[in-house]
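Here is a short tour of a protein model. Take a look at the sequence and the structure first.

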Amino acid sequence: MPTYRLTYDSAATPLPHFWEHTVGSGHAPLTLRADWQRHMRRAHDELGFQHVRFHGILSKPMDTLTRPQEEMQYSFWDAIQITDFIHSLGMHPFMELSYMPEPLASGDETVFHYNSNITPPNDYREWAKLIRRLVRQWEERYGADEVRRWYFEVWNEPNFPQQWAGDQDDYFCLYRHTVEAIKGVDAALRVGGPASAKNGWIPDLLEFCEKNGLPIDFVSTHHYPEDVRAEVDEPIEEKLSKIERGILTKQTRQARAEAGAKPLYYTEWNSSGDLTDELHDQSYTAAFAVKTIMDAAGLVDGYAFWTLTDVFREVPMRSTPFHGGFGLLNLHGIPKPVYHAYRLLHTVGTETIPVEGEHETVDVWAVRGEQRLDLVLTNHAMPRSDIRTEPVRWRVEGTPVPTQVRIARVDEEHGNPRALWVAMESPEYPSRDQVGEIEAGSAVNDEPLAWTIQDGAVEFAFDMPPYSVAVVSLDFSNGAKPSGLGRTGERTNHYGRRGIASDSEFLDTLARATMIFFNKERGEATGLLPDSTKEDSSCSVMSVAMALPVYIVAVERDLLSRDVAAERIRRLLRMFWHGEQSPHNVAMGYKGFFYHFLDMANGLRVKASELTTIDTAFFIGGALVASMYFDRDTPVEREIRDLADQLYRRVDWEWAQNGGPLVTMGWKPEEGFDEFRWEGYSEALLLYVLALASPTHPIKPEAYDAWLETYEWKNVHGFEYVHAGPLFIHQFSQAWIDFRGIQDRYMREKGIDYFENTRRATLAQQAYAIANPNGFRDYGEFAWGITASSGPGNEYRMIGDQIRRFHEYEARGIPDGPDDGTLSPWAAAASLPFAPEIVLPTLRHFHDAYPEATNLEGFLNSFNPTYPENNAGRAGWVSPDYFGLDQGPVIMMIQNYEDGLIWRLMQRCPYIVQGLLKAGFTGGWLSGANPVSK
């Protein structure tokens, strides 16, 4: 049994995802097909490809240059349709410049089924003119910054007679005219070659460029394993069986040495170059690809698998679903085993650490990420070699205790659609239902892997079948260190890109991931919570307000001990109680209220922020939750209860009315009260309940009645409810208080309660996204969540044929906006108790479809699929930050949905009961309530 050992904190080697730099795709006109575009979009979204390379942008079917009469006629329409689509995905072309337009051809030799001319130009000046005009058109359309991200590759395999009818000197002449034409448009554009077969001509082209003072920005070439036996006429499997294992890595090392300091890109490679090789459809190629990719780390800058899809026409296209085509996806878009392998690689981190141990057919790599370790394994040999199932054993030292250990596999039994197709008796034209059945049955999901801790190291074992790939993921999000005690890992949830079996498991994982913000970001000296993960973020009182109930949820979910949570909360309450309260412009607060932003080091006002009534209300709400939960007769828990009561009693709500019935939003020592008050339905519902119940400075019930008069009842996409555009307004107060079955005067008149009101607001969000009146990308049944959030920026952009306005931070809402295509997954999560039937599939969709917007720490603040972002995936622009303001409700609402913890605690709070009764609430759990004065 092979045994592998590693030490988690070993020195690391960077692992950029160079295999995602580019993917190959065949003939340029294919990119105009709807099926090809579907396949490209999916591969980009799921595999992270940044560039796409194809043949023949200048070939006859493209009509870039024709001569219907005497004059040359240029038409870049199809070329631009292609680049427009690529650009719409946030991708960039790796633009191979071939083949020869007929008016410039010096002969009639052609290649492939589509008869593209391979002869040198009859006039190199006209060739250069064509290149200049086309490149200039692209720069004018997309801008210099965009086209500078492209790569221009001169011709395809000029050292191969079937691809270039000239000799090497002819190619060098073509290269000279091409690079001079492109650099004449913009010297910063990237041009290279020789795009050769079999790693050829690399030193020759570099020497030619050096001697002639010509630029070459990168080296590109191709290789396939059978290149070393290209002249032998025998079946592909027999040919491959006679080739040494790791031949491509050997060739890559040679090419790396020949390229010197130049970036090196392989723009074609596969497990073989035979279009009928049945191994392309099997796990053989998955294992071959992963081993070849991982062995190429540090040698290449890009490694473009040939090709994206079996929608491919170098020869007449076959209709059989599995026929040995080059593609990662088959004709129907069903992922082959090699696609699944790429998907697994897409999830791993960006640095490798050494592993001890070796085996003749099993290769291993350890990839370290943030709070995660992925072990990548292949069991691979050339065809007809001695290969068998190998049990493997792992010992991982120096790690935290894993939250879970899981394994995802690609082999004969996992991710094998061809086997399911054969079991259906190999239909040549499977129905849609059959295609769906094949894809669903061959999906690759991770599974729990049993593990133990022995002598302080994590140990586990499993089998590697022949021609298999496995990725074992160790998640360390709990951050605990090994105790040295033997134990078995029982947790099986995993917040990765792969599937999670049950809703409860998914929610548990999401809650644990979201909890990381409150553990990791809290100030070591003060315990304060920052507003966000932005660099140098100040403390926000709302982040602290969220942390108080979150720490309680953490106790219930075994993420914190009761003692640790109690000490954290006592520390915060002490700090807020003892912080300076004065009208001075540098204090923690005044009149019992607190400033919006505080210094993380000392808790004093920063950024000339306002005294905030709403943030203070939620902070007091959090303190009261803590006073209800920590009910034991211990010094720490008694002090929590006393501090919460004192903090609440100190707040002067009547002062905050500033002589009017409605509570003002804020106050500054330099300017006095804010002109705005809490009017119109809003998150201030909790504020008014607390203000009414104050034992020291209460507002009168007439103030609440005055607030109700400012409500707006509205019909939004078929749902009638008290309207507020941003979704968070409907959720925040209800994270604290259970409004099911209780009604104030307004709700009694409407015949519903606030819980139902929020349910309708949630359903209206989904209906709005389905209707998608503004035509934003990806809005739909399971893509909604429009609320106050960060955004891509205050600017106008041309998206397709429409000018769109985008915003930075904005209180986004429906139906009248502002809405710029920005979605917030956390906002959907916070509606979980109100409409779980639409929230759960929505959260799973966000998790699966937008890996850029989900992370080890839960959902990022927001993303915008409509906004094009360089090197982004399907999510488009993604906020780089987490905010305490949105992380807290996710955890609280998951817990309320599962067992109503926060709601039950607040139902016991006499102040909350008193405030609701004073506001005129009756019914439900309030029936018979008799709050006791404190």
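In which strand is the place of Tyr 796? Tyr 796 sits in strand β34, which covers residues 795–799. Keep in mind that this model is predicted.

Tyr 796 counts as exposed, because its relative accessibility is 57% and the cut-off for exposed is over 50%. Together with Met 798 and Ile 803, Tyr 796 makes a nonpolar surface patch of about 380 Å².

Now turn to Arg 372. This residue lies in strand β17, residues 372–379. Is Arg 372 buried or exposed? Arg 372 counts as buried, because its relative accessibility is 8% and buried means under 20%. Its side chain makes a polar contact with the side chain of Ser 473, at 3.3 Å.

The two residues side by side:

| Residue | Relative accessibility | State |
|---|---|---|
| Tyr 796 | 57% | exposed |
| Arg 372 | 8% | buried |

Next comes a helix. Helix α6 spans residues 202–212. Its buried residues are Ile 202, Leu 205, Leu 206, Phe 208 and Cys 209.

What does the buried side of α6 pack against? Its buried residues pack against α5 (168–185), β11 (191–196), β12 (218–222) and α8 (247–259). The face turned away from the buried side carries the exposed residues Glu 210 and Lys 211. After α6 comes Gly 213, with a positive phi near 65°.

Methods
Residues are numbered from 1 along each chain as its sequence is written. This is a predicted model: local features need pLDDT of at least 70, side-chain atom pairs count only at pLDDT 80 or more; totals for chains, interfaces and linings use all residues. Side-chain values use heavy atoms; hydrogens and water are left out. Patches are made of residues with over 30% relative accessible area and no salt bridge: like charges are joined within 9 Å, nonpolar side chains (Val, Leu, Ile, Met, Phe, Trp, Tyr) within 5 Å. Accessible areas come from the Shrake-Rupley method with a 1.4 Å probe; for residues, only the protein chains shown count as cover. A salt bridge is a side-chain nitrogen of Lys or Arg within 4 Å of a carboxyl oxygen of Asp or Glu. Helices (H or I, at least four residues) and strands (E, at least two) are DSSP runs, numbered from the N terminus. Buried means under 20% relative accessible area, exposed over 50%, partly exposed in between (1.4 Å probe, protein chains only). Contact means heavy atoms within 4.5 Å. A polar contact is a pair of N or O atoms within 3.5 Å; within protein, one must be able to donate a hydrogen and the other to accept it, and residues adjacent in sequence count only if both atoms are side-chain atoms.
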